[in-house]
Amino acid sequence: MKLSIAILGLLASSAVAAPKQKRTEPVQSNKLRRVLLRSNLLAKAQKLQDFAFATEERNRLIGGQGHNDTINWVADTLRATGYYDVTLQPFLTPSPKASTVTINGKVYKSWAMEESPEGDITGSIVAVPNNGCAVADYLDLTGKVALISRGVCTFNFKSTTAQAAGAVAVLIYNNQDGFLDSATLGSPGDYVPTVGILKTDGLALVSSLGTANVKIAYFDITTWNVLAQTKGGDPNNVLQLGAHSDSVEAGPGINDNGSGTVALLEIAQQLTAFTVKNAVRFSWWSAEEEGLLGAEAYVAALTPEENAKIRLYLNFDMIASPNFVYGIYDGDGSAFNISGAPGSGEVEKLFQDFYTYDEDIPWVPSEFNGRSDYGPFLDAGVPCGGLDTGADDIKTEEEAAIFGGTAGIQKDPNYHSAKDTVSNLNIGVLLHNSKAIAHAIATYGTSWAGFPARLPVEKRNVATKDVRRVKRRNYKKVTE
């Protein structure tokens with residue numbers, strides 16, 4: 001990866017001199033919102049898609065050129081303004097490409113299931129009938145590689161039952177089109193190597209069988225978070241905002257999460273025309289799709305003193321879904337009974353009032369369960385908030401009556417697929433959400449009046465934190 005700036009540590013600054021531009025106008029919500037344009041957001045989204053489509057994989061998966069180009073573009077763009085101290089924070093993360101499956105000399109696309117052990121196994125393939133959800137489906141598999149369809153029961157049941165029948169490895173093929181790259185065996189255990197493969201490949205192998213070599217080898221790669229903090233403003237009372245910069249392997253990830261990426265980048269560029277009284281820190285997290293790893297690495301590296309300087313963290317993940325709702329994180333817990341640190345309810349109300357009185361659009365609460373990059377901040381006692389427009393959750397009849405769209409299907413029908421492209425981005429929704437983000441920046445970049453003081457870090461709600469961690473453990477993972 002091309003490193004645009006020296007990595008000098010978490011709060012190191014760029015060596016590029018600031019341009020000789022005098023900024024004297026304090027940021028105001030209406031003025032910052034006014035300069036946000038659909039055309040600029042759309043052009044940035046297209047840029048991300050171009051990065052993805054310039055690669056053979058056509059994605060922005062961590063470790064790939066599409067994601068590295070994304071990181072460099074964000075860092076270079078903001079460094080060029082001279083308005084920000086820009087940092088690349090490196091961290092090690094497991095590579096998402098850990099498995100190789102070769103059958104009769106042909107290499108097949110495959111994904112090691114989470115919790116699967118490493119191994120280099122060769123054996124004859126035996127097809128297990130009936131989805132492999134009854135012990136009677138598994139005859140003597142001693143020394144064999146079990147081939148099983150996804151569906152009906154868990155991957156854990158299929159793998160452990162095949163192992164009990166003597167299998168030395170397990171291939172589970174998808175029962176729908178698309179990748180099987182988010183599968184987990186659920187919990188640590190004594191498993192045989194277990195991988196997922198494509199539906200078309202699995203169905204073909206049921207007829208052809210043959211000899212399979214299954215290799216799983218885990219290794220780490222280096223990836224980077226991008227951090228850009230205003231040079232002006234009080235650095236002891238920071239407003240921090242974040243969005244993840246990576247996609248899944250299946251596609252370019254233009255809603256998930258190109259939408260959050262470009263919204264923050266466009267606002268950060270436009271903010272340079274104004275001054276702020278409180279420092280604003282923009283963050284682009286890597287390896288979110290692997291389990292919030294970038295945000296986890298960042299929060300883990302914070303000292304208690306650095307943690308306490310973050311007055312509020314705001315997260316924006318999937319904010320332009322085609323079958324959208326306008327979702328506001330339920331920071332006060334009034335809708336889902338999970339709340340954040342003091343201040344989380346206040347920023348929820350800020351967004352509610354903005355949508356109700358400034359934009360005149362409806363909104364609904366989103367569960368505050370930490371299943372995006374704000375989760376590690378919640379665990380660390382930082383007040384949090386944010387917006388989303390829906391992912392693979394199903395739109396209800398009530399939501400369709402409020403927002404339009406189609407009930408009974410996903411809010412983003414293209415979630416984690418090759419169809420998550422610019423053409424399926426709801427640019428109007430993205431613009432509304434970008435204006436809401438700008439409003440929050442103008443508000444808290446000017447004053448924290450009426451906002452609760454930070455609690456000491458050691459007084460965070462440990463019980464609630466542990467509940468959220470359990471919920472996040474299989475974040476975006478499928479178990480069956």
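The model is predicted: local features need pLDDT of at least 70, side-chain atom pairs count only at pLDDT 80 or more, and totals for chains, interfaces and linings use all residues. Residues are numbered from 1 along each chain as its sequence is written, and side-chain values use heavy atoms, without hydrogens or water.

Helix α3 has 15 residues and reaches 21 Å from its first C-alpha to its last. This is close to the 21 Å expected at 1.5 Å a residue (1.5 Å times one less than the number of residues). Helices (H or I, at least four residues) and strands (E, at least two) are DSSP runs, numbered from the N terminus. Of the 15 residues of α3, 12 are buried (under 20% relative accessible area, 1.4 Å probe, protein chains only). Among them are His 67, Ile 71, Trp 73 and Leu 78. Their cover includes α2, β1 (84–94), β10 (220–230), α6 (258–271) and β12 (278–285).

The axes of α2 (residues 38–53) and α3 (residues 65–79) come within 8 Å and cross at roughly 145°. Axes are lines fitted to C-alpha atoms over the stretch in contact, and angles run from 0 to 180 degrees between N-to-C directions. Lys 44, Lys 47, Leu 48 and Phe 51 of α2 meet Gly 66, Asp 69, Thr 70 and Trp 73 of α3. Contact means heavy atoms within 4.5 Å.

Gly 196 lies in strand β8 (residues 194–197). Gly 196 is buried, with a relative accessible area of 0%. Beyond its neighbours within four places in sequence, Gly 196 contacts Lys 109, Ser 110, Trp 111, Met 113, Ile 172 and Leu 180.

Conventions: Buried means under 20% relative accessible area, exposed over 50%, partly exposed in between (1.4 Å probe, protein chains only).
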